[in-house]
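Here are a few exercises to work through with the model open beside you. Try each task on your own before you read its solution.

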Amino acid sequence: MRDLTGGLGVDHVVEIGGPGTLPQSIAAVRVGGHIALIGVLTGREGQVPTMELMRKQARLQGLIVGSRRDQQDYVTALEVTGIRPVIDRSFAFEELADAFRYQLSGAHFGKICAEW
């Protein structure tokens, strides 16, 4: 990933693998970047290369989402009530960088979607 960014690293990493892939995410993030840990597909515990994380001065944030049952209940509630989220704009997956720039602009009202 570093070669794609001219050696700088990426601003944001969405880490879904957990301890088995966290070292790769730390290596890929830029100095001062952000890693969102939202999955633990490779297990719940493991080694964290803390010196590399500190050297990068990166933020590692653990995020927990609801269960599958919670999602099913949510979808049912949306169907029953007819409530729909406000979607400001959708971007093709190839336009993901544009979507992030649009979000940073603050010009949106509602959700910004990525389609793939």
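How many residues of the lining of the largest pocket are nonpolar, how many polar and how many charged? Before the solution, a note on the ground rules: this is a predicted model, in which local features need pLDDT of at least 70 and side-chain atom pairs count only at pLDDT 80 or more, while totals for chains, interfaces and linings use all residues. Residues are numbered from 1 along each chain as its sequence is written, and side-chain values use heavy atoms, with hydrogens and water left out.

**Exercise 1: the largest pocket**

Solution. 
- Step 1: settle the term. On a 1 Å grid over the protein atoms alone, a pocket is an open set of points where a 1.4 Å probe fits, with protein on both sides within 12 Å along at least five of seven lines; lining residues have an atom within 4 Å of a point.
- Step 2: find the place. The volume of the largest pocket is about 610 Å³, taken as the space filled by probe spheres set on the points, which are joined across faces, edges and corners. Its lining has 14 residues, and His12, Val13, Val14, Leu96 and Phe100 are the closest to its centre.
- Step 3: sort by class. The lining has nine nonpolar, three polar and two charged residues. Here Ala, Val, Leu, Ile, Met, Phe, Trp, Tyr, Cys and Pro count as nonpolar, Asp, Glu, Lys and Arg as charged, and the others, Gly among them, as polar.
- Step 4: trace the elements. β1 (10-15), β2 (29-37) and α4 (96-105) each give at least two lining residues, and α4 has the largest share, with six. Helices (H or I, at least four residues) and strands (E, at least two) are DSSP runs, numbered from the N terminus.

**Exercise 2: the second largest pocket**

Which elements each supply at least two residues of the lining of the second largest pocket?

Solution. 
- Step 1: this pocket holds about 240 Å³ of space.
- Step 2: among its lining residues are Phe93, Leu96, Phe100, Lys111 and Trp116.
- Step 3: the elements asked for are α4 and β5 (111-115).
- Step 4: by class, eight lining residues are nonpolar, three polar and one charged.

**Exercise 3: the strands**

In what order do the three strands of the open sheet stand?

Solution. 
- Step 1: the order is β1-β2-β3, with parallel pairing. β1 and β3 are at the edges with a single partner strand each, so one side of each has no neighbour in the sheet. From one strand to the next, the twist averages 15°.
- Step 2: count bridges; two strands pair if DSSP finds at least two between them. β1 and β2 are joined by five bridges, and β2 and β3 by four.
- Step 3: follow Ala36. Val14 stands opposite Ala36 in β2, and the bridge partner of Ala36 in β3 is Gln61.
- Step 4: look at a further pair. β4 (residues 87-92) runs parallel to β5, with five bridges, and Ala92 has Glu115 as its bridge partner in β5.
- Step 5: check the handedness. β2, α2 and β3 make a right-handed β-α-β unit, and so do β4, α4 and β5. Right-handed means that, with the strands pointing away from the viewer, the path from the first strand over the helix to the second runs clockwise.

Technical notes:
Axes are lines fitted to C-alpha atoms, for helices over the stretch in contact, and angles run from 0 to 180 degrees between N-to-C directions.
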